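Take a look at the structure below. Then follow the paragraphs one step at a time.

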Amino acid sequence: MIVVSAPERLPGSFRDPDGFVFRREGVVLRQVSQSYRREYDHLMGSGLYSQLVDSELLLSHSEVAPMSESGAYKVLRPVQLSFVSYPYEWAFSCLKQAALLTIKVQRAAMKHGMSLKDASAYNVQIHGGRLCFIDTLSFEFYDESQPWRAYRQFCQHFLAPLALMRYVDVNLGQLQRLHIDGIPLQLASKLLPKRSWLSPGIAIHIHLHARSQTHYESTPVRINAAKSRYERRDLERLLDDLEAVVSGLEWKAGNTNWADYYEANNNYSSESMAAKESALTGLFNDLESKTVWDFGANNGRFSRIALEAGARTVVSWDMDPSCVEANYQTSQHRKENGLIPLLLDLTNPSPAQGWAHAERMSVLDRGPADVVMALGLVHHLAIGNNLPLSDVANFLSRSGKRLIIEWIPKEDSQVQKLLASRKDIFDNYTPSGFENEFAKFFEVEAALPIKGSSRVLYRFRRLGL
Amino acid sequence: MNELISIHTAVHQAGSGMFAYIDPGTGSFVFQMLIAGALGMLATLRRVRTAVQTALQSLSRRKASASESELKISSVGNQKS
């Protein structure tokens, strides 16, 4: 047993009395409390753990020496995640797959005499190109006479946002950001259109479920001595039904301004596009980048260049749900290990939130990335959103150690489109203005004009690195 | 009535220390018991629907293959004549 200072619990890990997650020397570890000894031993000894890990449903771990006087039964070193993402940043299909994964894990647990005590979407992460369940302490002994205690949470974390995205608007997925423990079913029921009652699954698990919650909030439940039997097959049917409802929810990415950007809606000729790709590859050549963040990634075309150039993880951010959906489906189809397509409005990025502003990390809290890419983006921030170039440079310098950015001059047709219906108040939006403002935070490593266009690709290194 | 009594009992049992970590919500807990029968019926209906769909599909396939072979026979007949 080694003696070191007490572990510092991560701020988001406080709900479960059976253990917590902490960081030691940069490694994320999970402490298992003595109170969870029997459950943990059963998880490991019953074959459940190995079945889940073998079928790539659960993140694997090894046991490491616990600290003295910590009260720990075990300390686990899970496989380290390359990036933590949150459900409000996921594509529709990603949230749907996470729901189905949770049901699979619950079914496997039941076969081994265990059950999930919670069904939080935050227990699922994108890792190695697939979704996996990460909370080793979510398993409890299964009492066949009891309903599923995680049912409400499953409906709030998965079914309600998926139904709202499907029936009302895909952007309602952002309600998950507002409601950190899932969207209240009463709210979901109010927002869903009447036609959603025609789906028996939505009618039962959201509308009627919400009414039951409302009813029992104000109705005391009295003790009565009588036999009570909720059977295993009842829970199996519930899971079958939830699986059928979730599987039946489809959302088709529509045509947005961005969905066909590379195919039809940009001002690059095929030659200048090839030149841009080749220049970008060149800029990655001498870099050892573990993590790349691609802001404004659209369908991930340039993110994949970073991946091919050797980046281990590329977080491919875009604000358009259709692009993120397309990007996610492509990454699943190609079984791309290192690509994580996520939804992000850079002008209002995911904040630090939850208890004490620390339960969920902001985008910047999850960085800095080794390299940030900002291609075809600066004019949207500076002109579309009135952001001074110095503010853009400041934020990007806090996001990554290096920056690959595309300068788009004012005469570019895309910039002209932005200026078409407004007064040009952007006197500083010039090549020298751009270079001067970015020089406050970065030094230039390369500047490559893109053949066949008036744009320039810069590679910057953050000052003081 | 018996069902309701049973539900009350189960909820009481559930409330007595079992749910220290995540509150399942009384409404959600009771609701699962109430819908257990309905979900059974829904499952049966789904099975029946799937069986009917499968039967119809296989019938239409059989019809299609029968008309295809008729077509072949008649085209062979035409060639001969």
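Which residue forms a salt bridge with Glu437(A)? The partner is Lys440(A). Their closest N and O atoms lie 2.6 Å apart. Keep in mind that this is a predicted model. Glu437(A) is buried, because its relative accessibility is 13% and buried means under 20%. Lys440(A) stands at 52%, so this residue counts as exposed.

Why do such pairs form? Side chains of opposite charge can pair when their charged atoms come close. Over all chains, the count comes to 29 salt bridges. One of them joins Asp240(A) to Arg107(A), with 2.7 Å between the closest N and O atoms. This pair links distant parts of the chain. Asp240(A) sits in helix α8 of chain A, and Arg107(A) sits in helix α3. The two are 133 residues apart. Asp240(A) is partly exposed, at 40% relative accessible area. Arg107(A) is partly exposed too, at 24%.

Glu144(A) has a relative accessible area of 37%, which makes it partly exposed. Arg232(A), at 22%, is partly exposed as well.

Salt bridges can also join up into a network. Here Asp286(A), Arg402(A), Glu443(A), Glu445(A), Arg459(A) and Arg461(A) are linked in one.

Next, look for empty space. Rolling a probe the size of a water molecule over the atoms shows where empty space is left. The largest pocket holds about 1,400 Å³ of space. It is lined by 50 residues, and those closest to its centre are Leu10(A), Val21(A), Leu81(A), Val84(A) and Met361(A). Strand β2(A) gives the largest share of the lining, four residues. By class, 25 lining residues are nonpolar, 13 are polar and twelve are charged.

Now zoom in on Ser115(A), in strand β6 of chain A. Is this residue buried or exposed? Ser115(A) is buried, since its relative accessible area is 5%. Beyond its neighbours within four places in sequence, Ser115(A) is in contact with several residues, including Gln106(A), Phe139(A), Tyr142(A) and Trp148(A).

Finish with chain B. Its secondary structure comes to two helices and zero strands. Of its 81 residues, 31% count as buried. Chain B exposes about 5,400 Å², and carbon and sulfur atoms supply 61% of that area.

Key. Residues numbered from 1 in each chain as written. Chains lettered and ligands numbered in written order. Predicted model: local features only at pLDDT ≥ 70, side-chain atom pairs only at ≥ 80, totals over all residues. Heavy atoms only, no water. Buried < 20%, exposed > 50% of the residue type's maximum accessible area, 1.4 Å probe, protein only. Contact = heavy atoms within 4.5 Å. Areas by Shrake-Rupley, 256 points an atom, 1.4 Å probe, with all protein chains shown as cover. 1 Å grid on protein atoms, 1.4 Å probe; cavity = no way out; pocket = protein on both sides within 12 Å on 5 of 7 lines; lining within 4 Å. Points joined across faces, edges and corners; volume = space filled by probe spheres on them. Nonpolar A, V, L, I, M, F, W, Y, C, P; charged D, E, K, R; others polar. Salt bridge = Lys/Arg side-chain N within 4 Å of Asp/Glu carboxyl O.
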